[in-house]
Amino acid sequence: MTAHEVDRGSQVGDAVQTEKVNLLGLTRPQMEEFFLAMGEKKFRAQQVLKWIHHHQADDFEQMTDVGKALREKLARVAEIRGPKVLHEGISRDGTRKWVFEADNGGAVETVFIPDGRRGTLCVSSQVGCAVDCSFCSTGKQGFQRDMTSAEIIGQVWQASRAFGPRKNLGEHPITNVVMMGMGEPMLNYEPVLSAMRIMRDDLGYGISKRRITLSTSGVVPKIDQLSRDLDVSLAVSLHAPNDELRNQLVPLNRKYPLADLMAACKRYSDAITHRHNTITMEYVMLRDVNDKPEHARQLVKLLKGIPVKVNLIPFNPFPHAGYERSRKADILAFHKFLNDNGVLTTVRTTRGDDIDAACGQLVGEVKDRTRRSERWQASIFHRAEQPDSNAAPAQ
Ligand code: SAH
Ligand code: SF4
């Protein structure tokens with residue numbers, strides 16, 4: 001692949017395709033290839049990467065250590081184009097949300113959750129999702145399209161822009177990234193991989209392997225591929241302890257049943273050599289569906305021998321979901337049973353619900369964006385009047 005072939009796909013917000021190469025989505029080797037193909041020196045890649053990702057530059061004229069002639073040449077063949085921000089909101093608890101324009105009247109969302117010294121950005125990978133989990137509002141919209149690597153890393157870039165220039169890598173407010181927004185990242189593998197490489201790279205965002213988490217509904221061959229390609233943390237959306245129930249909740253289970261998925265998780269944790277080889281198992285708590293003592297018992301058995309921690313996510317309701325959130329007492333009992341039986345378990349806490357930033361609330365009505373925008377603006381303007389609710393956060 002040449003640099004010119006990289007990421008020329010359509011960008012969020014642009015109806016007209018351009019022939020310019022969007023440098024935003026290029027990894028370091030791709031950027032080097034791009035400059036070599038232009039007849040320029042490789043080190044230019046380092047300079048330009050820093051301008052883009054450390055300083056969030058979008059104009060070659062800002063690049064003062066790049067000569068005028070090269071800046072003009074770059075402006076003719078390349079561009080730095082992030083996804084277009086439709087809306088931005090800040091919740092009372094500091095959670096921030098961006099809505100980015102996608103074509104066909106669609107949108108994707110990115111959420112930032114501050115927590116003490118940690119700041120987690122929840123990033124989307126696809127517009128819609130084809131997996132169609134029965135409890136997920138993204139799944140209910142169906143699949144629209146894959147996002148390009150420029151659009152995926154562009155969410156980190158735009159969020160960084162909102163925080164202003166950083167002085168050094170350690171001071172960046174975005175300390176963690178979770179691929180837990182819209183879409184199934186493993187079904188858009190290459191662009192997601194490129195974006196995660198840029199997150200990891202010191203010339204990009206310099207985020208350590210333990211602080212980047214890819215969440216998957218269980219695409220088994222891609223779990224193996226990821227263990228060969230890049231060392232990041234893995235989260236698996238389990239949600240059920242047996243195949244019969246998981247087939248209903250996560251239809252992908254019919255293709256990759258639990259025995260195969262658990263074996264892949266074991267291989268992944270064996271392949272990850274650093275000390276933090278724990279896999280996070282996400283388990284959405286659905287009232288009277290998967291929250292009974294028998295489910296907890298089955299879960300303990302299923303997870304035996306795999307280094308995991310379980311994250312119980314109280315279900316986030318949305319219109320016509322057909323599910324309810326588990327009772328508090330059932331969540332606590334489930335939590336206790338797992339911990340008492342040696343499975344490290346946490347319950348996800350409340351964040352960002354006054355701006356609709358919680359899991360499963362990411363872009364509810366794609367077909368009705370206008371109404372959604374009104375609701376969204378209203379939620380920002382009226383947030384001071386809103387009482388606290390106990391919805392779960394976006395990650
Ligand atoms: N497609 C990937 C990543 C995005 S979903 C995956 O499924 O892992 C991120 C997490 O939010 C997943 O664990 C998903 O199951 C969960 N989720 C989806 N809808 C939800 C809802 N309505 N309430 C709570 N969690 C939800
Ligand atoms: Fe897709 Fe994840 Fe939602 Fe399932 S939970 S439909 S995989 S986004």
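Helices here are DSSP runs of H or I with at least four residues, numbered from the N terminus, and their axes are lines fitted to C-alpha atoms over the stretch in contact, with angles running from 0 to 180 degrees between N-to-C directions. The model is predicted, with local features needing pLDDT of at least 70 and side-chain atom pairs counted only at pLDDT 80 or more, while totals for chains, interfaces and linings use all residues. Residues are numbered from 1 along each chain as its sequence is written, and chains are lettered from A and ligands numbered from 1 in the order in which they are written.

**View A. Helix α1 crosses helix α2.** The axes of α1 (residues 28-37) and α2 (residues 43-54) come within 8 Å, crossing at roughly 125°. The crossing is right-handed (the near helix is turned clockwise from the far one by less than a right angle). Arg28, Met31, Glu32 and Phe35 of α1 meet Arg44, Ala45, Val48 and Leu49 of α2 (C-beta atoms, placed from the backbone, within 7 Å). By class, that's five nonpolar, no polar and three charged residues (nonpolar: Ala, Val, Leu, Ile, Met, Phe, Trp, Tyr, Cys and Pro; charged: Asp, Glu, Lys and Arg; polar: the others, Gly among them).

**View B. Lys255 sits in a loop.** Look between α8 (243-249) and α9 (258-271). Lys255 has 10 other C-beta atoms within 10 Å, so it counts as exposed (12 or fewer, with C-beta atoms placed from the backbone). Its C-alpha atom is 9.5 Å from that of Gly218, 37 residues apart along the chain.

**View C. Residues surround ligand 2.** The shell includes Cys129, Cys133, Cys136, Asp132 and Glu184 (C-beta atom, placed from the backbone, within 6 Å). By class, the shell has four nonpolar, five polar and two charged residues.

Technical notes
Helix = DSSP H or I, 4+ residues; strand = E, 2+ residues; numbered from the N terminus. Contact = placed C-beta atoms within 7 Å. Buried ≥ 20, exposed ≤ 12 C-beta atoms within 10 Å, placed from the backbone.
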